[in-house]
Amino acid sequence: MEKINRIKAVLAETGHTGKWLASQLGKDPTTVSKWCINKIQPDLQVLSTTASLLDVNIRDLLVDSKK
């Protein structure tokens, strides 16, 4: 499966866990786990909120497709 997001990496870089993110977003931890392994993808609204919670640019949560 192609990696589309970097949520797992950014969580590690910022010292947060998937459980923490799930709690902040009001989502099931299983859903966040699926985002982290790129099994499913969050919608743009959730991605934007996630970037705000982690205090990063939304682009930091996405894989650069030009590499």
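Predicted model: local features only at pLDDT ≥ 70, side-chain atom pairs only at ≥ 80, totals over all residues.
Helix α4 spans residues 44-54, and its buried residues are V46, L47, T50, A51 and L54. Viewed down the axis of α4, these residues fall within an arc of 140 degrees, and they therefore line one face of the helix. Such a pattern accords with helical geometry: an α-helix has 3.6 residues a turn, so residues three or four places apart point the same way. The face of α4 turned away from the buried side carries the exposed residues Q45 and S52. The buried residues of α4 are covered by elements including α1 (7-14), α2 (18-25) and α3 (29-36).

Both ends of α4 were also examined. Beyond the helix, α4 is followed by D55, for which phi is positive, near 55 degrees.

Two of the helices that contribute to the covering of α4, namely α2 and α3, also pack against each other, at an angle of about 120 degrees and with their axes 8 Å apart. Because angles of 65 to 115 degrees count as roughly perpendicular and only those over 145 as roughly antiparallel, α2 is classed as oblique to α3. The crossing of the two helices, α2 and α3, is right-handed. In this packing, G18, L21, A22 and L25 of α2 meet P29, V32 and W35 of α3.

Conventions: Residues numbered from 1 in each chain as written. Heavy atoms only, no water. Buried < 20%, exposed > 50% of the residue type's maximum accessible area, 1.4 Å probe, protein only. Helix = DSSP H or I, 4+ residues; strand = E, 2+ residues; numbered from the N terminus. Arc of directions from axis to C-beta. Contact = heavy atoms within 4.5 Å. Axes fitted to C-alpha atoms, helices over the stretch in contact; angles between N-to-C directions. Parallel < 35°, antiparallel > 145°, perpendicular 65-115°, else oblique. Left-handed = near helix turned anticlockwise from the far one by under 90°.
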